[in-house]
2 protein chains.
Amino acid sequence: MELVTISDIFNKKTSTSKVVEIKAWVKNKRDSKIGISFIDIYDGSCFKHIQVIANNKLKNYTKDILKLNSGCSIYVRGTIQQSTNSQFEIYAQSLQIIGNVFNPETYPISPKPHTLEYLRNFTHLRPRTNIIGAITRIRHFVSQEIHKFLSNHGFFWIATPLITSLNTEGSGEMFCVSTLNFEKIQKNIKNQVNYKKDFFGKKTFLTVSGQLHLESYACALSKVYTFGPTFRAENSNTTRHLAEFWMIEVEAAFLSLKNIMNLAYEILKSIFKRVLKTCIDDLNFLAKKTNIDLINRMKNFISSELFSIEYTDAVKIINNSSGYFKSSFIWGEDFSSEHEKYLSDIYYKKPIMIKNYPKETKAFYMRLNQDKKTVASADILLPGIGEIIGGSEREDRLQKLNLRLKEKNLNPDNYRWYQDLRMYGTVPHSGFGLGLERLLSYITGLKNVKDLIPFPRTPKNASF
Amino acid sequence: MELVTISDIFNKKTSTSKVVEIKAWVKNKRDSKIGISFIDIYDGSCFKHIQVIANNKLKNYTKDILKLNSGCSIYVRGTIQQSTNSQFEIYAQSLQIIGNVFNPETYPISPKPHTLEYLRNFTHLRPRTNIIGAITRIRHFVSQEIHKFLSNHGFFWIATPLITSLNTEGSGEMFCVSTLNFEKIQKNIKNQVNYKKDFFGKKTFLTVSGQLHLESYACALSKVYTFGPTFRAENSNTTRHLAEFWMIEVEAAFLSLKNIMNLAYEILKSIFKRVLKTCIDDLNFLAKKTNIDLINRMKNFISSELFSIEYTDAVKIINNSSGYFKSSFIWGEDFSSEHEKYLSDIYYKKPIMIKNYPKETKAFYMRLNQDKKTVASADILLPGIGEIIGGSEREDRLQKLNLRLKEKNLNPDNYRWYQDLRMYGTVPHSGFGLGLERLLSYITGLKNVKDLIPFPRTPKNASF
């Protein structure tokens, strides 16, 4: 006897003649008056369900099958038949209940459609829905493609540390990690918290970026990436922010800004190709649900070429928008998401890259351009999403790096090891970061990143 | 002109006739009296170095090339020649210095061999050494194979949360995550810390395992895994412990303990095959360094079959060890690492699996066996390493789960969502966990896990 999955059946990894076993959950059931039940089952292996046809000749038909509820787990033996419309059915020879649903009337995942807001209250059960199942499979294949693409291009995966004593971006919005007894914090003679008593003997945080650590490996193995969780203790409850999210960061020695951003664009294309190939049913479902033509949006991206404009030119476009913005935009400021939206959604109506931002708007580690006003940085914006990738050439000149640290009011002493990378055989190098959940937002058409990560962490919410 | 890597040259992705460009770092240099310099360079793309031959006809020979130090980054144009012993050489037509080494005498990574202890003081520079380079490449391909194997076997990757309000194992050794101001902790009217003021509105920790979260996805998508960082605030400074380490956790609905442990064994075989194929130079170097026959150890494993014994029989073997242990072992206790070592290194001299441990020694979520004394659990032990994989069937019966929670003095109210998985269509399911760094210890022969993760976090150490 062969235990098969629904994916096996649809991918014809099993033949339609023989008896198979399948274990799955009931999605829906319809009982005909003539003593036949049509049971729609899913096992998560693919988007598709399969229908089990069970008739009243089965000895537990009345006792079990007629009482089956949505959510029950069952074990079916039967033969697979291909029905006319490229669908399959299983004719049950036996059907046993594995796990019942206690109190079906209170089971949160009834077969009727639920809103995404409602489902967020049941993050432990929502993977049982079509929509979260679809997202999960897409998320999986996106992640697989990232690892595969980068490995095939000679990049090595580096596990940059999550716990760090360094504040990478110079921002204050970090979580503290501690084993101190908060009920009774010990102070030193200066009446300050005695971090010597803490686990690491100093104040430590959850990382906001693995980039600086990644650079130390890029300056030895040339091509590296990190793909892991990242944290921001930002008190913003928007559809675009998570306190814990996943980020891909890529770093390469000897590559220029142009090289690295072209690579970033190629990764996106490669990811879109993979999901179009492996998750087409999930995508079709989501396209219908969101009313966005997800398939063609990705196909158009795949056949597009990276289109880039200078920050300075983007400023001109914004200031020529004839009344779209209330106030004029001053060179040197950072674009708001409204400005980005105007540029990519309204003016260009396509993915764009903006490059060479004023140094004031960007982090200390970006390489100063010859004009001494801008840095070799670039953001890729997608219509409907905004910034999805941010990259830059890194400042590889020790003196200039130290000047930039001072300009940003950062203490160069805290960056001794980072400076060492410039002291000893420095090389031009570039990198970019790509937020996984924002990318998934583009692919799936769903607006809220809380639906795109299994267990979202947001202000006042670490449930489940 | 073609920019190539050392890996490209050895994998013959470039031809030996034409002029190529290469960018790399100097490992070593030897200047002959007749005006020829032999410069050994590396770029991290593979274990191998390549020799650049530069002669005094190059116009910057005296000014630059004679002054080159270990660690300098250089840009070479030249022709590739295959030398007799399947080695390659580059005849330089031009050689430029990209980045010098300031103060070569203080550069911590001189070409002479360094101890691993010494290198731990320079985790930002140690990837430039042969040994950490080798480990990094092996770590990469191990990780790639894990993702690939599991995806090919129908498992979906789930990002289980790092920040959690749940104490999975019921252990106290967790890090707190907080944005409270430690200098001035606010108390409530009961004089307790007011966690309502904290970022998540309650006390939160860094996860010690993603298993419980993973189970919620296994009970919907059938086959899932997580591969991410895990934390233990254990104050033990040994060669086997890290405060932050990477773990693979696999969870599958409808699979028994036997099924899942067979799968675990197959993953190990598949990983060993991959590293033997892709990292043979790195492995040969490490085998020489550690004096362990790493290659044949893995080859033997690949041709072996999972050998398993009952816990109860393992106790008998230990008690028949005729004086190897001072005191006799009492059934119901947990094995120490010395006991495990005796069983796998001395008695069986091969990888073994011990199964069906007393329920007192294992976590609440493991399925109670019919004897009501043991649980359906299993550990795989490797000679020289000890436990590398721990797995179990999970308690899928609600009532028995609640009894086990009480036995372990855990409050069932804290596990409401976990209980829901048993309330609604429960299914038998099993899973296992595999620590990445311990696996790397077996593959590389290196004893200290601090050398097997890029930036180790241990008590009193979160440097870099």
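**Close-up views of the predicted model**

View 1. In helix 11 of chain A, the residues Trp417(A), Tyr418(A), Gln419(A), Asp420(A), Leu421(A), Arg422(A) and Met423(A) are buried, where buried means under 20% relative accessible area, exposed over 50% and partly exposed in between, with a 1.4 Å probe and protein chains only. The helix, which covers residues 416–423, is thus shown as mostly covered, with 7 of its 8 residues buried; helices (H or I, at least four residues) and strands (E, at least two) are DSSP runs, numbered from the N terminus. The cover over these buried residues includes helix 4 (211–221), helix 10 (398–407) and strand 17 (429–435) of chain A, contact being taken as heavy atoms within 4.5 Å. Helix 11 of chain A is followed by Gly425(A), which has a positive phi, near 65°.

The model is predicted, and local features need pLDDT of at least 70, side-chain atom pairs count only at pLDDT 80 or more, and totals for chains, interfaces and linings use all residues. Residues are numbered from 1 along each chain as its sequence is written, chains are lettered from A and ligands numbered from 1 in the order in which they are written, and side-chain values use heavy atoms, with hydrogens and water left out.

**View 2. A loop residue of chain B, Asn60(B).** Asn60(B) is placed in the loop that runs between strand 4 (50–55) and strand 5 (73–82) of chain B. Because its relative accessibility is 13%, Asn60(B) counts as buried. Leaving aside residues up to four places away in sequence, Asn60(B) touches Ile65(B), Leu95(B) and Gln96(B).

**View 3. A surface patch of positive charge with lysines from chains A and B.** Lys148(A), Lys277(A), Lys148(B) and Lys277(B) gather here on the surface; patches are made of residues with over 30% relative accessible area and no salt bridge, with like charges joined within 9 Å and nonpolar side chains (Val, Leu, Ile, Met, Phe, Trp, Tyr) within 5 Å. A salt bridge is a side-chain nitrogen of Lys or Arg within 4 Å of a carboxyl oxygen of Asp or Glu. Of these lysines, Lys277(B) belongs to helix 5 (residues 257–278) of chain B, and Lys277(B) counts as exposed because its relative accessibility is 74%.

**View 4. Chain A as the setting for helix 11.** The secondary structure of chain A comes to 12 helices and 17 strands, and its C-alpha trace spans about 85 × 60 × 45 Å along the principal axes. Of the 464 residues of chain A, 61% count as buried.

Terms used: Areas by Shrake-Rupley, 256 points an atom, 1.4 Å probe, with all protein chains shown as cover. Lys, Arg positive; Asp, Glu negative; His and termini not counted. Charge placed at Lys NZ, Arg CZ, Asp CG, Glu CD.
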